[in-house]
Amino acid sequence: MSIYILGIESSCDDTSASVIKDTKVLSNIIANQEVHREFGGVVPELASRAHQQNIIPVIDKALSAAKINKKQLNAVAFTLGPGLLGSLLVGTSFAKAFSLGLNIPMIEVNHLQAHILSHFIRDNKDKKVPIFPFLCLVVSGGHTQIVLLKDYFEMEIIGRTIDDAAGEAFDKSAKILGLPYPGGPLIDKYAELGNKNAFTFPEPKIPNLDFSFSGLKTSFLYFIRDRLKENPNFIDNNLYDLCASIQKTIVRVLIKKLIKASEKTGIKEIAIAGGVSANSELRNELIKAQKLKNWTIFIPKIEYSTDNAAMIAIAGYYKYLRKEFSNQGVSPFARDIVFNMRKKKIIDKKEIENNK
Ligand code: KG4
Ligand code: ZN
């Protein structure tokens, strides 16, 4: 018998609901919030209010697009964290009420795990999914991590950013160029028209598999500031080349670490996930690395790269199979506690080895 799951995503500024039938997506509705554009970033209080307004219509749309009745649902999965607390509370509270009203289990989902598990959505029968163990580069607005997956929920972070996330590097660079939020997709669009070798920016030198993007952002800022002193039209005259050059630098940093992670672990099954995985330069460079390094790569569909509820529903599906249900007392978390704990474990392992 098929399993129907309703997924709800409300961790940041997109309200999304999706219905899946086993691993197939029947609907995936996303309401973007435009209110943040003029503020140059997400305003948490406005985000929670917009979720409150959007959630019922978005869920209604997801159910009708899936052509199912809510009574057919086997469970409701929702994002517990990480994200903005006020935003998460809207989705979590809705899921609690929905689960109580329909007398179906509710399933909490970690947003980052969901980004990775989006690779297991099978929209068609021939869809190839990663084979464990595989590596996933998770690149979003709040996170940049290389995760080693041994099983659906057995994940180990083997590299992470020590400051800004890759998405922030894109968004902050865009802001320096006077582009509206979120700047990542705009940089991608303008970069297509520019020369990526026009300008060179220093790549961060961070040991192991960790990342850092705050130095790059500062050098980009100083570079632009100095050029504007010489020519007030510098940005306008060079916008496309600037976008292409900064994009190339960010992507180079990501790909180099991914290659290092593959060499270190011996794993050649490589995936990317999260909003920045929609970036065309990253996708192109991954394809180049695949040929060079003999990798098998997994690139999510654009609609499953950026925040969406289908990924929450698929993560919920695998938890449903394990009967991992939540209770009504569950409360959202803003920061990635689960992932931090795993990182601590890795540090502990190193400490043990060092003390031998
Ligand atoms: O995963 P996501 O939708 O939300 C978070 O969980 O943070 O990621 C959003 C991030 C933003 O920083 C946005 O600028 C970036 O993904 N992004 C892109 C592109 N599309 C979205 N960055 C570069 N190129 C893109 N095409
Ligand atoms: Zn995300």
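The buried residues of helix α10 are A310, M311, I312, A313, I314, A315, G316, Y317, Y318, K319 and Y320, where buried means under 20% relative accessible area, exposed over 50% and partly exposed in between, with a 1.4 Å probe and protein chains only. Eleven of the twelve residues of α10 are thus buried, so this helix is largely enclosed by the rest of the structure. The structure is a predicted model, in which local features need pLDDT of at least 70 and side-chain atom pairs count only at pLDDT 80 or more, whereas totals for chains, interfaces and linings use all residues. Residues are numbered from 1 along each chain as its sequence is written, chains are lettered from A and ligands numbered from 1 in the order in which they are written, and side-chain values use heavy atoms, with hydrogens and water left out.

Helices (H or I, at least four residues) and strands (E, at least two) are DSSP runs, numbered from the N terminus. Helix α10 (residues 310-321) reaches 17 Å from its first C-alpha to its last, close to the 16 Å expected at 1.5 Å a residue, the expected span being 1.5 Å times one less than the number of residues. The helix is followed by K323, whose phi is positive, near 55°.

The zinc ion (ligand 2) is coordinated by H111 through NE2, by H115 through NE2 and by D307 through OD, at 2.0 to 2.1 Å; donors are N, O and S atoms within 2.8 Å of the metal (3.2 Å for Na, K and Ca), and water is not among the atoms, so sites may look incomplete. Along the chain, these donors follow the spacing H-x3-H-x191-D. H115 lies in helix α3 (residues 111-117) and D307 in the loop between α9 (302-305) and α10, so the pair ties together parts that are 192 residues apart in sequence. H115 counts as buried at 0% relative accessibility, and D307 counts as buried at 16%.

Five strands form an open sheet of mixed pairing, in the order β3-β2-β1-β4-β5, two strands being paired if DSSP finds at least two bridges between them. Strands β3 (24-32) and β5 (106-110) stand at the edges, each with a single partner strand, so one side of each is left without a neighbour in the sheet. From one strand to the next, the twist averages 20°.

Helix α1 (residues 44-66) packs on the sheet, touching β1 (4-9), β2 (14-21) and β3, and its direction makes about 25° with that of β2; contact means heavy atoms within 4.5 Å. Helix α2 (residues 85-102) also packs on the sheet, touching β1, β4 and β5, and its direction makes about 155° with that of β4, with axes fitted as lines to C-alpha atoms, for helices over the stretch in contact, and angles running from 0 to 180 degrees between N-to-C directions.

Strands β2 and β3 run antiparallel and are joined by eight bridges, with I20 standing opposite V25 in β3. Their hairpin has two residues between the strands, and D22 takes a positive phi near 55° there. By contrast, β4 (residues 75-81) and β5 pair in the parallel sense over five bridges, in which F78 has E108 of β5 as its bridge partner and G81 has N110. Four of the five residues of β5 are buried, leaving this strand mostly covered.

The axes of helix α7 (residues 234-265) and helix α8 (residues 280-293) come within 10 Å and cross at roughly 35°.
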